[in-house]
Every structure is written in structure tokens, then in C-alpha cells.
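Me: I would like a close look at a single part of this model, the ligand site. Please take it contact by contact.

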Amino acid sequence: MTSTVTTTGATSTVDSLRRHLVGLKMPRALEILDHTIRQLERGEVAPLEALDALLAEEYTGREGRRVKAALQMARLTTVKTLADFDFSFQPSLDRNRILTLAQLEFIDRHEVLHLLGPPGTGKSHLALALGVEAVKAGRSVYFATLAEVIASLAKAEREGTLRERIRFLCRPALLIVDEIGYLPVIPGGGNLFFQLVNARYERGAMILTSNRGFAEWGDVFGDPVVATALLDRLLHHAVVIQIEGASYRLRQHAGLIPENTLARPSTSPSPTAPKRRGRPPKNRSPDQQPNT
Ligand code: ADP
Ligand code: MG
């Protein structure tokens with residue numbers, strides 16, 4: 001009799017548990033509930049442990065789905081991680097500095113991180129990896145190349161939706177703009193990019209990667225005035241990391257590449273470019289528009 005009452009009580013408690021897990025949308029916990037109960041019945045786990053394992057299983061699944069969706073939203077489809085990065089291959093790079101950046105305080109401070117260096121030195125890898133860290137930590141991220149950013153701004157301008165597009169690109173806490181300097185910027189592109197940078201200035205963090213030194217940005221953007229205005233915003237509250245090394249892509253074929261191609265870093269920060277933290281030029285007001 002007693003045992004029947006207990007079994008009935010236990011059955012109704014399990015039914016109630018199931019209903020709650022369904023109501024709370026906890027499919028994974030629901031899936032492993034029977035297994036957990038059997039473990040409890042056999043005395044294989046303590047009640048608290050069982051409760052924790054059930055919730056941990058649900059949480060892990062949920063986090064995995066959240067991170068996957070957020071990585072897609074961020075366009076971080078090529079997932080690179082800091083764990084995959086071989087720091088010994090790039091001795092000019094201060095590992096601790098990168099690991100400190102991975103704490104993501106630069107995002108809270110709305111700073112700009114510049115990753116500079118020749119092709120293949122891991123700029124995109126590090127930018128993506130920091131983006132992945134930010135997504136995991138629950139920050140919103142958006143990744144695009146400079147050419148993609150400018151093309152989308154130019155399209156929006158043609159369609160009369162530039163303000164909305166800029167607002168969209170201001171939303172993520174971290175905007176990563178990859179490949180500054182590889183492709184020529186389309187006419188008017190520098191101006192459009194300036195409008196975005198100005199809108200994000202002191203409001204959101206950015207990571208920028210470039211194979212060209214700041215002194216060359218006049219050429220990159222086809223307009224020295226726009227380049228100066230851009231650098232004014234982008235070097236204030238900035239962290240500049242210069243990678244001086246060999247291409248990881250070419251590491252197995254270095255012998256086939258002419259010596260001067262490998263040895264000469266294509267980036268040379270301008271004399272005014274600070275090594276760590278930028279200061280705005282004293283004679284410019286922060287809101288001064290480029291004169292274009
Ligand atoms: P960059 O953007 O500077 O041109 P990438 O970050 O795209 O170079 O690196 C080129 C390729 O080499 C990528 O597949 C990247 O993951 C890999 N890579 C570069 N540096 C390293 C490194 N130090 N350790 C591991 N992989 C690296
Ligand atoms: Mg790259």
C-alpha cells in the first residue's frame with residue numbers, strides 16, 4: 001500500500017516535472033529526464049548533482065545554439081580561435097597583449113583596435129578570433145571587409161536608405177572591418193566610410209585590419225582629406241598592433257618567394273601614428289567634417 005502511494009506520488013511528480021520542462025521550453029532536459037531519474041533510483045548520483053546535471057545539459061545546448069546564431073548574425077562564418085593561433089610563429093606579436101584584448105574591455109571602452117601587418121600574418125585570424133570571444137561573451141558583433149561595408153553604404157545611398165544602413169552598422173557593440181588597403185576604394189567610398197566611423201565614434205568599438213601604414217591611407221581612400229578625418233577618429237582611443245613577420249600562408253613555400261617580397265613589411269606606421277594609444281591632432285575639432 002505504502003509503496004503504491006509512493007509510486008503514484010513519484011509518477012505524478014515526474015509528470016509535473018515533464019509539464020514544467022515543456023512549459024519552460026527545456027527540450028534537452030526533458031530528453032534526459034528519464035535517464036536522470038533512473039540514475040537517481042539506482043543511487044548513482046546525489047539529488048543535487050542530478051539537478052545540476054539536468055540544468056547544465058539544457059544550458060550547454062542553449063548556449064551552443066545562441067552562439068551559433070550570433071556567429072551567423074555577426075557573419076563570423078569562418079570560425080578562427082585564439083587557441084588555434086600559433087603565437088610562436090609570430091614572435092613580434094605580444095601574446096599577453098592579445099589575451100588582454102580577449103578580455104574585451106576595449107569593447108566596453110568603445111576603442112578601436114588596429115591590426116597592421118603584411119599579408120598572411122594573422123590579422124584576419126586575430127580579428128575573427130576576438131569577434132568569436134565577443135560573441136561568446138554575449139556582445140553583438142558584425143564582420144565585413146572594407147569593400148563590403150562601402151558597397152553596402154553606396155547601395156543604401158543610391159536607394160535613399162543611407163541613414164538606416166549607418167544605424168544598422170552602429171548597432172553591434174563591435175564592428176570588424178577587414179582588409180583595408182587591399183582593394184582600391186570606389187569614388188566617394190571614403191566619404192561614406194567616414195560617415196559610418198563618425199557615427200560610431202566614441203559609441204562603439206571597432207577592429208580594423210590593414211596591410212598598409214596610416215601614412216598610406218590617403219592613397220587607400222583616394223583622398224588625403226578624408227583619410228586625415230578618418231584617422232583623426234580612428235586613432236583617438238586606439239590600440240595599434242603592428243605584426244612584423246612572415247606569412248603563415250607561405251610558411252611551407254618561403255623558398256619559392258623572392259627574398260625581398262617576404263622580408264619587407266608593407267606596413268610602416270606614419271611618424272604621427274602612436275604605437276599604443278592615439279591622441280587626436282590638437283588643431284582639429286572632433287566634429288569637423290572632411291572637406292569633400
Ligand atoms: P592576414 O589577414 O594577415 O592576411 P590571415 O589571418 O588570413 O592573414 O592568415 C592566413 C591564414 O593563415 C589563415 O588561414 C590563418 O588562420 C592562418 N594563420 C595565420 N597566422 C597564423 C598563426 N600564427 N597561427 C595559426 N594560423 C595562422
Ligand atoms: Mg586578411
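Which atom of ligand 1 does a polar side-chain atom of K123 lie by, and at what distance in Å?

Reply: The model is predicted, and the distances below are computed from it. The polar side-chain atom of K123 lies 2.7 Å from an oxygen atom of ligand 1. R249 also places a polar side-chain atom by an oxygen atom of the ligand, at 3.0 Å. G122 contributes through its backbone instead: one of its N or O atoms is 3.1 Å from an oxygen atom of ligand 1. On its own, ligand 1 has 550 Å² of accessible area, and the protein covers 87% of that.

As for the setting, ligand 1 sits in the largest pocket. There are 15 residues around the ligand, and those that come nearest are D86, G120, K123, S124 and H125. By residue class, the shell around ligand 1 divides into five nonpolar, five polar and five charged residues.

Turning to charged pairs within the protein, the structure holds 14 salt bridges. One of them joins the side chains of E31 and R28, with an N to O distance of 2.4 Å. Both E31 and R28 belong to helix 2, which spans residues 27-41. E31 and R28 are three residues apart there, about one turn of the helix.

Notes: Residues numbered from 1 in each chain as written. Chains lettered and ligands numbered in written order. Predicted model: local features only at pLDDT ≥ 70, side-chain atom pairs only at ≥ 80, totals over all residues. Heavy atoms only, no water. Near = heavy atom within 4 Å. Polar contact = N/O pair within 3.5 Å; in protein donor to acceptor, adjacent residues only side chain to side chain. Areas by Shrake-Rupley, 256 points an atom, 1.4 Å probe, with all protein chains shown as cover. 1 Å grid on protein atoms, 1.4 Å probe; cavity = no way out; pocket = protein on both sides within 12 Å on 5 of 7 lines; lining within 4 Å. Sits in = over half its atoms within 2 Å of the grid points. Nonpolar A, V, L, I, M, F, W, Y, C, P; charged D, E, K, R; others polar. Salt bridge = Lys/Arg side-chain N within 4 Å of Asp/Glu carboxyl O. Helix = DSSP H or I, 4+ residues; strand = E, 2+ residues; numbered from the N terminus.
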